[in-house]
Amino acid sequence: MTRHRLHPAWIVAAVAFVALVGAAGFRATPSVLLHPLHAEFGWPLATISAAVSVNLMLYGLTAPFAAALMDRFGIRRVVAGALVLVALGSGLTVAMTASWQLILCWGVLVGLGTGSMALAFVATVTGRWFVRRRGLVTGVLTAGGAAGQLVFLPLLAVLVRDHGWRMAALVVAGAALAVVPLVVWLLREHPADLGLPAYGATEVAPPAPAAGGAAARAVGALTAAARTRPFWLLAGGFAICGATTNGLVGTHFVPAAHDHGMPETTAAGLLALVGVFDIVGTVASGWLTDRMDSRLLLGAYYALRGASLLVLPSLFAGTTGPSMLVFIVFYGLDWVATVPPTVALCREHFGASGAVVFGWVFAAHQVGAAVAATGAGLVRDQLGEYTLAWYAAGVLSIGAAGLSLLLLRRRDGEPPVALPVAVGRRAWSYRG
C-alpha cells in the first residue's frame with residue numbers, strides 16, 4: 001500500500017500564513033487609533049495620517065530589499081527579525097509623548113518590520129516551494145495577511161474602547177512575538193535542502209546562488225525592469241490598488257463612518273467583514289489565475305472596485321443598512337484579489353527575478369497607499385468630509401483597469417525582458 005506523505009511545502013505555507021497574520025495586527029490599528037490619538041494629544045488628523053504614510057511607504061520600499069535578503073540570508077532569519085521589529089515598534093508607542101515618536105515607532109520600526117513580510121515574502125515562498133497550485137497558494141497567503149489585518153479590527157476597537165489604545169498596542173506586540181518561535185522552528189528555506197522537488201515539480205532544483213549584496217541585487221533588478229513597458233503598467237496599476245485599499249479604505253473608512261454617526265466599533269466590524277470576504281475573493285482569484293489570463297482578471301477587478309467606490313459616499317449613515325452590507329461584500333471580494341495575477345505577471349515577464357521585481361511593484365502599491373492616507377486626511381481637515389476622496393479613488397481605479405488591459409498589447413518586435421538573476425562577480429540572465 002502506498003503511503004501519501006504531506007509535502008513540506010504545505011507546512012512552509014502554513015507557517016508563512018501564521019506569520020503574515022501575526023504581522024497584520026499593527027497595520028490594522030491606524031483606523032481605530034486616529035480619533036483616540038487626536039483626543040489625547042491634540043494632533044491634527046493630517047499629522048497622524050502622515051505617520052501612517054511613513055509606515056505604508058516603508059512597508060512597500062522594504063519589500064524588494066527583503067526579498068533579496070531572503071535569497072542571501074534565508075527566509076527564517078529575515079522573518080523572525082521582522083516580527084521582533086513589529087513588536088518593538090508597537091510596544092514603544094505606549095511611552096510616546098510627541099508626534100515624531102509616533103512617526104518613529106508606528107512609521108519607521110513597524111513599517112520596516114511589516115515590509116519585510118510583505119507580499120514579496122509571499123512571492124518568494126510560492127516561487128521556491130510550489131510549481132503546481134502556485135496561484136492558489138499565493139491567493140491564500142495574500143488573503144491571510146490582508147484579512148488578518150481587517151479581522152483584528154473588532155478586537156482592537158473593543159480594546160481601545162474598554163482599556164485604551166495602549167492596551168491594543170501591547171496586545172499586538174505580544175502577538176507578533178508569539179509567532180517568532182514557530183518561524184524559527186518550522187520555516188524551511190528550499191525544498192532542495194530536504195532533497196525534495198518543489199510541490200508539483202519532478203526534479204530537485206538546487207537554489208540559484210545569490211552572488212553580490214542584497215541591496216545591489218534589488219537595485220539591479222529595478223534598473224533593468226524599469227526599462228520595460230510591463231513594469232510601469234504593473235507598477236502604475238498597483239499604486240492605484242494601494243491608494244484605494246490600505247491608503248484610503250483601510251485608514252479612513254472607520255473615521256469616515258464615524259463622521260456620519262456610526263459607532264467606531266460598528267465601523268471596525270464592517271471592515272472585519274471586508275476581511276472575511278477578502279479571503280474568499282483572494283483565494284478564488286488565485287484559483288482563477290491558474291486558469292485565466294491575468295491581464296483580463298486585473299482589468300475586471302479594478303473596474304469593479306472603481307464602480308463600488310463611486311457609490312460608497314451615498315451609503316454612509318448612522319446605522320448599517322442593506323446597501324452598505326452589499327458594498328462590504330462586493331468590495332471585500334475585490335480587496336486584494338489583484339495580488340495573485342500581479343505576482344503571476346511579474347513571474348511571467350521577469351522570470352527568476354520575479355519576486356524581487358514584484359517587491360518593487362509592491363513598493364509602488366505602498367507609495368500610492370501613503371499618498372492616499374495623507375491626502376484623504378488633508379481632504380477631511382480642509383473640507384470637513386471625505387466625499388471628494390472616495391470619488392477620486394473610484395476614477396483612479398477605473399484608470400488602473402485601463403493600464404492592466406494595455407498589457408494585452410505587445411509591441412511588434414518588442415524584445416523579451418532580460419534581467420540579472422544575481423548581481424556580483426557572476427550573473428545569470430533570464431529571458432522571458
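1. Let's start with the second largest pocket, which has a volume of about 230 Å³. A pocket here is an open set of points on a 1 Å grid over the protein atoms alone, where a 1.4 Å probe fits and there is protein on both sides within 12 Å along at least five of seven lines. The points are joined across faces, edges and corners, and the volume is the space filled by probe spheres set on them. Before you read on, note that this is a predicted model, in which local features need pLDDT of at least 70 and side-chain atom pairs count only at pLDDT 80 or more, while totals for chains, interfaces and linings use all residues. Residues are numbered from 1 along each chain as its sequence is written, and side-chain values use heavy atoms, with hydrogens and water left out.

2. Who lines that pocket? Helices α10 (229–259), α15 (354–383) and α16 (387–406) each supply at least two residues of the lining. The largest share is from α15, with 6 residues. In case you wonder about the labels, helices are DSSP runs (H or I, at least four residues) numbered from the N terminus.

3. Leu310, Val311, Tyr391, Val395 and Ile398 make a nonpolar patch of about 430 Å². A patch takes residues with over 30% relative accessible area and no salt bridge, and nonpolar side chains (Val, Leu, Ile, Met, Phe, Trp, Tyr) are joined within 5 Å. The areas come from the Shrake-Rupley method with a 1.4 Å probe, and for residues only the protein chains shown count as cover. Helices α12 (294–311) and α16 each give two or more residues, and α16 gives the most, with 3.

4. Tyr391 sits in helix α16 and counts as partly exposed because its relative accessibility is 39%. The cut-offs are these: buried is under 20% relative accessible area, exposed is over 50%, and partly exposed is in between (1.4 Å probe, protein chains only).

5. On to charges. Side chains of opposite charge can pair when their charged atoms come close. The whole structure has 7 salt bridges, each being a side-chain nitrogen of Lys or Arg within 4 Å of a carboxyl oxygen of Asp or Glu. One of them joins Arg128 and Glu189 at 3.4 Å, N to O. Arg128 is in helix α6 (residues 119–129) and Glu189 in the loop between α8 (165–186) and α9 (214–225), so this pair ties together parts that are 61 residues apart in sequence. Arg128 is buried at 12% relative accessibility, and Glu189 is buried at 18%.

6. Another salt bridge pairs Arg295 with Glu348 at 2.4 Å, N to O. This pair links distant parts of the chain, with Arg295 in helix α12 and Glu348 in helix α14 (residues 339–350), 53 residues apart.

7. Arg161 is exposed at 55% relative accessibility, and Asp162 is partly exposed at 44%.

8. Ala303, in helix α12, is partly exposed at 33%. Ala303 and Leu396 are 93 residues apart in sequence and 9.5 Å apart in space, C-alpha to C-alpha. Leu177 belongs to helix α8 and is partly exposed at 46%. Leu177 and Val84 are 93 residues apart in sequence and 6.2 Å apart in space, C-alpha to C-alpha.

9. Last, a backbone point. Arg133 has a positive phi of about 65° although it is not a glycine. Arg133 lies in the loop between α6 and α7 (134–163) and is partly exposed at 36% relative accessibility.

Key: On a 1 Å grid over the protein atoms alone, a cavity is a set of points where a 1.4 Å probe fits but cannot get out, and a pocket is an open set with protein on both sides within 12 Å along at least five of seven lines; lining residues have an atom within 4 Å of a point. Patches are made of residues with over 30% relative accessible area and no salt bridge: like charges are joined within 9 Å, nonpolar side chains (Val, Leu, Ile, Met, Phe, Trp, Tyr) within 5 Å.
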